Amino acid sequence: LLQDADEAVRIAREIGYPVMIKASAGGGGKGMRIAWDDEETREGFRFSSQEAASSFGDDRLLIEKFIDNPRHIEIQVLADKHGNALWLNERECSIQRRNQKVVEEAPSTFLDPETRRAMGEQAVALAKAVKYSSAGTVEFLVDSSKNFYFLEMNTRLQVEHPVTECITGLDLVQEMIRVAKGYPLRHKQADIPINGWAVECRVYAEDPYKSFGLPSIGKLSQYQEPLHVPGVRVDSGIQQGSDISIYYDPMISKLITYGSNRAEALKRMEEALDNYVIRGVAHNISLLREVIIHPRFVKGDISTKFLPEVYPDGFKGHKLTDLERRELLATAASLYVAEQLRSQRFLGTPRIPIAKSKRSSWELSVRLGDGIYPVVVSKDGTSFSVEVDGMKLNVTSEWNLASPLLSVTIDGTQRTIQRLSRNASGETSIQFLGTVYKLQILTKVAAELSKYMPEKAAEDTSSILRSPMPGAVVAVSVKPGDTVSEGQEICVIEAMKMQNSMIAAKTGKV
């Protein structure tokens with residue numbers, strides 16, 4: 001255990017950089033900092049000890065060698081008070097941001113039976129050596145050559161325990177209660193199977209477009225879990241109307257899908273994420289969905305650096321292919337027309353029987369991003385024929401516009417979409433393939449007139465420092481009249497148990 005920053009620097013030099021400074025009572029990525037030199041070690045010591053004190057009431061720190069580009073693989077163990085201990089296979093937890101896990105799965109695509117057994121036996125040996133009883137997790141870092149290094153043991157149930165329950169068929173909580181009561185384990189090592197594949201996504205109240213997830217607060221105005229999708233389990237502690245505040249971890253739920261193989265589990269996860277309704281707070285479903293369909297993830301080519309490597313400039317949401325863009329434009333235009341038709345009816349009858357306007361086609365102009373696209377929609381029974389980019393697409397749905405989820409079939413491809421908002425000026429936001437897209441749909445005439453509308457000027461924010469998230473100010477490093485240089489720390493904000501240093505964006509005077 002480290003006494004002060006000087007000792008941290010001395011040990012870091014002995015071990016060799018990079019090093020990891022972390023809270024001895026830690027967990028959940030709190031109180032952890034990577035340091036590549038003496039200066040970062042001193043800074044890491046300061047922040048980690050403050051975070052550890054506020055999160056765990058214990059500011060003691062450890063320092064260890066940091067292995068660059070490893071996989072984070074952990075072994076679930078179960079031990080009783082009679083000297084019996086089992087390992088319940090591994091969990092792959094390499095998809096992380098800020099040392100906090102985001103996607104976990106069991107088993108791992110990387111381990112072979114020999115490495116799995118070696119890791120399992122070492123984990124059990126450790127549990128027996130300290131006479132551990134209950135469920136626990138022994139965490140390892142595994143390098144590209146399958147060398148594994150002990151990281152720490154979590155003497156508790158972990159967030160990702162459901163994936164182990166799915167593939168082994170054991171109820172870990174029930175086993176923990178039995179052990180605590182003094183019963184011996186009911187299973188032998190040979191009884192522990194690997195049946196199928198399970199994946200867990202941690203659904204957070206976070207904005208994934210800000211460093212892969214900065215906390216978001218608010219009230220869950222609408223909340224619906226995708227429990228109608230087969231092979232889905234949702235562990236959550238909230239419900240519609242719950243408040244997400246700055247005082248707790250921003251996790252909304254753990255979303256788990258199970259299948260007979262990895263491809264099936266991932267396909268179900270994609271469907272579950274599309275069918276998850278969360279309104280009132282920002283959430284990370286767009287990031288989760290992009291990770292699980294990414295070719296590198298699907299191939300199993302992952303490490304703890306996956307997110308910064310795949311998105312070096314930060315996460316920007318789903319990049320639409322030309323076909324997907326046409327599908328989105330056609331769906332948005334069809335929704336617009338379905339709404340126009342609905343508003344002409346009143347209690348099942350047309351509002352003004354005198355004016356029998358039997359329109360068969362609508363010429364629209366749809367804005368998406370920087371592009372403006374002419375779209376022609378014609379009604380054909382319950383479906384719409386939509387012309388985009390000189391191509392015709394057939395869009396069918398029940399068009400239940402009051403439902404938070406809309407199942408739409410575009411040229412035979414089924415998509416579950418969500419329309420989050422719309423207003424009188426034709427602006428609408430639609431969640432499509434997990435990402436929310438903002439569109440504006442106008443009639444051809446309105447679009448031609450809209451160029452005469454004045455533009456609202458953007459606010460110049462270069463000379464102010466605005467916190468990117470809600471939180472408590474725990475330290476202010478400057479005072480009015482100070483001259484500060486670009487990159488200098490102005491204050492420290494604590495949000496959801498994490499401390500964040502806010503720096504000046506440019507040189508100037510406070």
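Seven residues, Glu-74, Arg-91, Lys-101, Glu-104, Glu-139, Glu-160 and Arg-202, are joined in a network of salt bridges. The rule: a side-chain nitrogen of Lys or Arg within 4 Å of a carboxyl oxygen of Asp or Glu. By that rule the count is 44 salt bridges.

Before I go on, the ground rules. This is a predicted model, where local features need pLDDT of at least 70, side-chain atom pairs count only at pLDDT 80 or more, and totals for chains, interfaces and linings use all residues. Residues are numbered from 1 along each chain as its sequence is written, and side-chain values use heavy atoms, with hydrogens and water left out.

Arg-33 bridges to Glu-51, with the closest N and O atoms 3.1 Å apart. Arg-33 sits in strand S2 (residues 32-35) and Glu-51 in helix H2, so the pair ties together parts 18 residues apart in sequence. Helices (H or I, at least four residues) and strands (E, at least two) are DSSP runs, numbered from the N terminus. Is Glu-51 buried or exposed? Buried, at 0% relative accessibility. The cut-offs: buried is under 20% relative accessible area, exposed is over 50%, partly exposed is in between, with a 1.4 Å probe and protein chains only.

Next, Glu-206 and Arg-98, at 3.8 Å, N to O. Glu-206 is in strand S10, Arg-98 in the loop between strands S5 and S6, and they are 108 residues apart. Glu-206 is buried at 2%; Arg-98 is partly exposed at 30%.

Third, Lys-444 and Glu-363, at 3.3 Å. The pair ties helix H11 to strand S20, parts that are 81 residues apart in sequence. Lys-444 is partly exposed at 45%, and Glu-363 is partly exposed at 44%.

**Surface patch**

Asp-37, Glu-39, Glu-40 and Glu-43 form a negative surface patch. Patch residues have over 30% relative accessible area and no salt bridge, and like charges are joined within 9 Å. Glu-43 belongs to helix H2, residues 38-56.

**Annotations and totals**

UniProt, in an unreviewed entry, lists "domain: ATP-grasp" over residues 1-181. That span is 36% helix and 33% strand. The entry also lists "domain: Lipoyl-binding" for residues 456-510. There the chain is 0% helix and 40% strand. Such annotations may be inferred rather than shown by experiment.

Overall, the chain has 11 helices and 32 strands. Of its 510 residues, 50% count as buried.

Technical notes
Patch = residues over 30% accessible without salt bridge, like charges linked within 9 Å, V, L, I, M, F, W, Y side chains within 5 Å. Areas by Shrake-Rupley, 256 points an atom, 1.4 Å probe, with all protein chains shown as cover. Lys, Arg positive; Asp, Glu negative; His and termini not counted. Charge placed at Lys NZ, Arg CZ, Asp CG, Glu CD.
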